[in-house]
Amino acid sequence: QVQLVESGGGLVQAGGSLRLSCVASRSIVSLTSMGWYRQAPGKQRESVAGITSGGSTNYADSVKGRFTISRDNAKDTVYLQMNSLKPEDTGVYYCNAAKLTLAPLRRYDYWGKGTQVTVSS
């Protein structure tokens, strides 16, 4: 089990920046990947950015060049630096941790409770 606690959300004007943090209750080194998802009102949850245990990153097309995901293994923390924010970035941002096992082949997902990000125009 892994508990995840997000922080750093808030209200910001378009063009502004926010930095989200996600602290895990245990070491993140053994986790396969960690990531950030978001859910806007009336929409499905979508992947925003992810980072593997090896440091490889991936981003949704809508945030490429504006958001940066990083991890600090010593602090068991994952960050999401969000720059040039747009009103369409508004939503609840959730931290995710994933663990893949090979025998049996299975994926375990853990979620935080989310942090609200609101971008005003």
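Reply: Buried means under 20% relative accessible area, exposed over 50%, partly exposed in between (1.4 Å probe, protein chains only). The model is predicted: local features need pLDDT of at least 70, side-chain atom pairs count only at pLDDT 80 or more, and totals for chains, interfaces and linings use all residues. Residues are numbered from 1 along each chain as its sequence is written, and side-chain values use heavy atoms, with hydrogens and water left out.

Me: What makes S1 and strand S3 (residues 18–24) a pair?

Reply: Two strands pair if DSSP finds at least two bridges between them. S1 and S3 have four, in the antiparallel sense, so they pair. Val5 stands opposite Val23 in S3.

Me: Why is Ser33 called buried?

Reply: Its relative accessible area is 19%. The cut-off is under 20%, so Ser33 is buried. Ser33 lies in strand S4 (residues 33–39).

Me: Which residues is Ser33 in contact with, leaving aside neighbours within four places in sequence?

Reply: They are Ile51, Thr52, Asn96, Ala97 and Ala98. Contact means heavy atoms within 4.5 Å.

Me: How do you know that the radius of gyration agrees with a compact globule?

Reply: The radius is taken over C-alpha atoms, and the globule rule is 2.2 Å times the number of residues to the power 0.38. With 121 residues, the rule gives a value near 14 Å; the protein has 14 Å, so the two agree.

Definitions and conventions: Helix = DSSP H or I, 4+ residues; strand = E, 2+ residues; numbered from the N terminus.
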